[in-house]
Amino acid sequence: MDSLVRFGVAVPSSLLEEFDLLVEKMKMPNRSEALRQLIRERLSRETWVSGTGTVYGTVTIMYDHHGKDTVADLTALQHDHGESIVCTTHVHVDHDHCLECIVVKGGAESVRRLVEALCSLKGLKSMDPSISIIL
Ligand code: NI
């Protein structure tokens with residue numbers, strides 16, 4: 001395990017007050033642990049977008065299932081990228097919209113290709129990738 005290093009950080013008092021409120025609200029053990037989590041999250045996010053190695057997470061999409069070929073295209077796309085997909089959960093949100101949570105795990109490059117392919121899906125309303133690399 002890495003040794004801990006103490007360092008000083010200067011921030012506006014109002015920002016620190018807001019941060020402390022967040023730490024309390026999220027029931028994080030203390031300010032240091034909250035800061036470590038923030039640093040890991042940011043580094044992880046930057047690393048998966050441009051890095052290599054195994055990544056994991058979810059890609060949540062919302063789409064209109066009435067879109068021409070949308071459902072067939074999504075199915076074909078998921079078969080094409082099957083090596084990166086662990087499982088999916090589908091929710092029929094309302095008459096028109098479907099939400100799908102795609103759990104991913106695989107090489108960063110493969111998962112990036114999957115996310116790019118999802119971007120091109122006709123009928124796509126929103127996409128929220130939450131991908132991490134273990135740091
Ligand atoms: Ni549906």
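Author: C98 is buried in this predicted model, because its relative accessibility of 4% falls under the 20% cut-off. The SG atom of C98 is one of the protein donors of the nickel ion. H92 stands in contrast to C98: with a relative accessible area of 63%, H92 is exposed, whereas C98 counts as buried.

The setting of the site is a protein with four helices and four strands, arranged along the sequence as α-α-β-α-β-β-α-β. The radius of gyration is 19 Å, well over the 14 Å that the globule rule gives for 135 residues, so the protein is more spread out than a compact globule. Its C-alpha trace spans about 55 × 35 × 20 Å along the principal axes. Buried residues make up 27% of the 135 residues. Of the contacts with a separation of 6 or more, 70% join residues 24 or more positions apart.

The protein exposes about 9,400 Å², of which carbon and sulfur atoms supply 56%. On the surface there is a nonpolar patch with about 820 Å² of accessible area, whose members include F7, V9, L35 and L135. Helix α2, residues 31-50, contributes the largest share of this patch, four residues. L135, in the segment after β4, counts as exposed because its relative accessibility is 55%.

Definitions and conventions. Residues numbered from 1 in each chain as written. Predicted model: local features only at pLDDT ≥ 70, side-chain atom pairs only at ≥ 80, totals over all residues. Heavy atoms only, no water. Patch = residues over 30% accessible without salt bridge, like charges linked within 9 Å, V, L, I, M, F, W, Y side chains within 5 Å. Areas by Shrake-Rupley, 256 points an atom, 1.4 Å probe, with all protein chains shown as cover. Salt bridge = Lys/Arg side-chain N within 4 Å of Asp/Glu carboxyl O. Helix = DSSP H or I, 4+ residues; strand = E, 2+ residues; numbered from the N terminus. Buried < 20%, exposed > 50% of the residue type's maximum accessible area, 1.4 Å probe, protein only. Donors = N, O, S within 2.8 Å, 3.2 Å for Na, K, Ca; no water. Rg over C-alpha atoms; globule rule 2.2 N^0.38 Å. Contact = heavy atoms within 4.5 Å.
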